[in-house]
Amino acid sequence: METLIDIVLLSFLVLTALAVAKMHDLFAVVMLSGIYSLLTASLFLDLDAVDVAFTEASVGAGISTLLMLASLKLVGRYETRTRYRPMLALGVVLATGALLIYGTLDMPHFGSADAPVHQHVAPRYLNDSMGEVGVPNVVTSVLASYRGYDTLGETLVVFTAGIGVISLLRVSRRTKQQEMQKVPADMQQQIILRVVVKWLLPLILIFALYVQFHGDYGPGGGFQAGVIFAAGIILYTMLFGLSNASRVFPPKLLELLAALGVLLYGGVGIVCMLLGGNFLDYNSLRHDPVHGQHLGILLVELGVGLTVAAVMITIFFKFTWRTVKHKYLEK
Amino acid sequence: MNIIGLYNYWIVVVLMMIGFYVVIAHENLIKKLVGVSIFQTSVFFFYISMGKISGATPPILDDHYQLYSNPLPHVLILTAIVVGIATTALGLALVVRIQEAYGSIEEHEIQDQDTQDQMESRLEAYGFRKKHVLSVQNLDE
């Protein structure tokens with residue numbers, strides 16, 4: 001049954017990707033890429049990667065589609081048709097594809113338990129993580145503890161990308177102050193949506209917190225929670241306007257929170273060193289190593305969640321400010 | 001079973017090549033970014049497919065289950081997805097700025113404008129003065 005679902009979903013994915021390549025209406029392309037992400041998430045679920053499916057559903061189908069739409073508003077909807085027939089590109093692609101297919105021929109078959117991938121470190125994680133880290137969700141214990149250094153790097157990349165977007169899409173303070181008062185949201189008139197969102201918003205935010213703190217025992221963790229939290233705020237922004245949303249989350253506060261998250265993560269590592277352990281070795285945080293691991297993972301995931309949520313909200317705000325600025329300039 | 005055995009990897013290659021084609025054959029920068037993200041997801045599939053063991057459950061430990069899928073690819077891809085969206089956002093911000101600077105996000109139009117600018121500055125170097133050279137002189141005075 002799993003294999004059947006796998007095959008059907010993969011075929012759908014190829015069809016969607018082909019449609020994306022064929023279409024010239026970018027609005028349709030972005031919508032299709034949202035569908036593509038949803039299919040991807042279902043497929044990850046089918047392949048036992050519950051945490052990954054969670055992330056892809058909230059990131060790919062939610063935030064990424066929204067950001068693409070926001071930038072389409074700024075750059076225009078249609079792609080001009082290319083003037084030449086790109087036969088050379090097709091040739092390169094086919095040749096590379098053929099080589100890659102040739103490369104797959106001696107790979108271990110899908111789903112085989114004795115493949116080399118499963119022989120190296122995975123058995124240690126699966127057999128010993130309960131005793132060493134004491135967290136049932138192995139993905140969380142590997143993410144935050146065994147490979148904590150790696151995750152610190154990823155959090156830093158998210159932070160850096162956020163800084164990049166902030167510096168690329170600056171809006172002068174004067175425009176902001178002028179517009180702050182009188183920007184109605186584009187969907188201000190949608191009364192039904194407004195009422196529904198008012199009811200949904202607290203639930204979404206509580207769900208984000210649940211995902212954040214329940215990540216040790218089920219699928220979830222800082223990355224997913226941050227994105228879900230940001231999605232809730234973004235939903236609010238779309239319906240109630242940027243001026244209301246930035247009263248709750250002023251840009252300064254968001255920048256502070258993003259930096260605070262990274263600082264918390266790195267700080268935990270340094271405290272571990274001061275207490276006599278290695279960098280990010282949570283065993284030294286408490287007398288009982290497993291308690292130390294619990295505390296370390298909680299703090300580190302909190303740092304990740306803070307940074308991711310703050311960066312995602314900031315990015316969306318910046319794109320929205322840009323559309324506001326363009327509207328203002330047109331007038 | 002033999003045909004099914006490599007089906008996932010072949011689809012990964014097909015998706016990757018579709019993404020690759022969109023990146024190199026299309027001129028619209030937004031379309032290129034969508035192509036990049038298709039390419040990216042194909043790599044995600046590759047990792048996750050390798051981590052799957054038939055008949056296993058997701059790697060959340062419980063006494064009722066013995067066989068779990070490999071958690072390591074999940075960790076790598078989970079963080080890669082979030083980093084992916086952050087870098088895509090950066091790319092989109094660059095596209096928006098390019099649109100503002102050039103008035104277009106089609107590659108050949110951007111290139112045309114660049115070559116025109118280059119020609120003009122070269123002409124200036126050979127002594128063909130243009131209007132805006134005057135304003136530079138004014139500034140010097």
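A: Let us begin with helix α6 (residues 138-146) of chain A, which is mostly covered, nine of its nine residues being buried. This is a predicted model, in which local features need pLDDT of at least 70, side-chain atom pairs count only at pLDDT 80 or more, and totals for chains, interfaces and linings use all residues. Residues are numbered from 1 along each chain as its sequence is written, while chains are lettered from A and ligands numbered from 1 in the order in which they are written.

Q: What makes a residue buried, and which residues of α6(A) are buried?

A: A residue is buried if 20 or more other C-beta atoms, placed from the backbone, lie within 10 Å of its own. Helices are DSSP runs (H or I, at least four residues), numbered from the N terminus. Among the buried residues of α6(A) are Val138(A), Leu143(A) and Tyr146(A).

Q: Into which domains is chain A divided?

A: Domain bounds come from an automatic or database domain assignment. Chain A has domain 1 (1-77) and domain 2 (130-331). Their centres, taken over C-alpha atoms, are separated by 23 Å.

Q: How many residues do chain A and chain B each give to their contact?

A: Two residues are in contact if their C-beta atoms, placed from the backbone, lie within 7 Å. Chain A gives 81 residues and chain B gives 69 residues. On the side of chain A that touches chain B, helix α3 (residues 50-75) of chain A gives the most, with 14 residues.

Conventions: Helix = DSSP H or I, 4+ residues; strand = E, 2+ residues; numbered from the N terminus. Buried ≥ 20, exposed ≤ 12 C-beta atoms within 10 Å, placed from the backbone.
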